[in-house]
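Have the model open in your viewer and keep the selection tool handy. We will go from stop to stop, with a note on what to look for at each one.

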Amino acid sequence: PETLREILVYDRAQINGTAGTARRVSNVPSACPISDMLIAFRKEVDKRIEKRFRDINDADVFARMEKMKQNWVKFIQGLVSLFEKVFARYLLYRHETQQFVNIMKDEGFRQSRKCHIYGCEYLLRLFVILPQLIDEGCISEDQDAEIKMKSRDL
């Protein structure tokens, strides 16, 4: 969507110091890390699924509802795994690399997953580079299709 594109363009301009702005790097750790956003998203998805089936008292329907929830859990876990895998190589702008190196020197941060440290703008960057990740064999076309389909709800 255009709004997300505008956010990314602004983010890149701020970090690279283009368009007459001074360079800056993202605040790390983020006040709203990806992991927090995904937890809130998962709770919202669970509520929507439960609302959809709330008036139906049937074991098969309950099992189907639980399977839908588990599919979302697997999707989120896969998304986080992909994020962690490609983060340093694909999601950092050149001017952010030194900040990342410095952060990884800190024992507390080195033990943390990047999704607990970095904000949602990095997740947006991941969505943007999905075609490149397919071309380079990091993800399959089926995984890309699932990410695109489910990320619309994000």
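Start by selecting K85, which sits in helix α3, residues 59-91. Helices here are DSSP runs of H or I with at least four residues, and strands are runs of E with at least two, numbered from the N terminus. This is a predicted model, in which local features need pLDDT of at least 70 and side-chain atom pairs count only at pLDDT 80 or more, while totals for chains, interfaces and linings use all residues. Residues are numbered from 1 along each chain as its sequence is written, and side-chain values use heavy atoms, with hydrogens and water left out.

Is K85 buried or exposed? K85 is exposed, at a relative accessible area of 57% (buried is under 20%, exposed over 50%, partly exposed in between, with a 1.4 Å probe and protein chains only).

Next, show helix α2, residues 34-53, beside α3: the two pack at about 165 degrees with axes 10 Å apart. Axes are lines fitted to C-alpha atoms, for helices over the stretch in contact, and angles run from 0 to 180 degrees between N-to-C directions. The pair is therefore roughly antiparallel (over 145 degrees; under 35 is roughly parallel, 65 to 115 roughly perpendicular, the rest oblique). To see the contact (heavy atoms within 4.5 Å), select residues including L38, F41 and V45 of α2 with M65, W72 and I76 of α3. By class, this contact has 14 nonpolar, no polar and six charged residues. Nonpolar covers Ala, Val, Leu, Ile, Met, Phe, Trp, Tyr, Cys and Pro; charged covers Asp, Glu, Lys and Arg; the others, Gly among them, are polar.

Stay on α3 and bring up helix α6, residues 120-128. How do these two cross? Their axes come within 10 Å and cross at roughly 85 degrees, so α3 and α6 are roughly perpendicular. Select L79, L82, F83, V86, F87 and L91 in α3, which meet Y122, L123, R125, L126 and F127 in α6. That contact divides into ten nonpolar, no polar and one charged residue.

Last stop: the cysteines. There are zero disulfides in the structure, a disulfide being a pair of cysteine sulfur atoms within 2.5 Å. Select C120 and C32: the closest cysteine sulfur to that of C120 is in C32, 4.5 Å away, so it is too far for a bond. C138 is in no disulfide either, with the nearest cysteine sulfur, in C115, 18 Å away.
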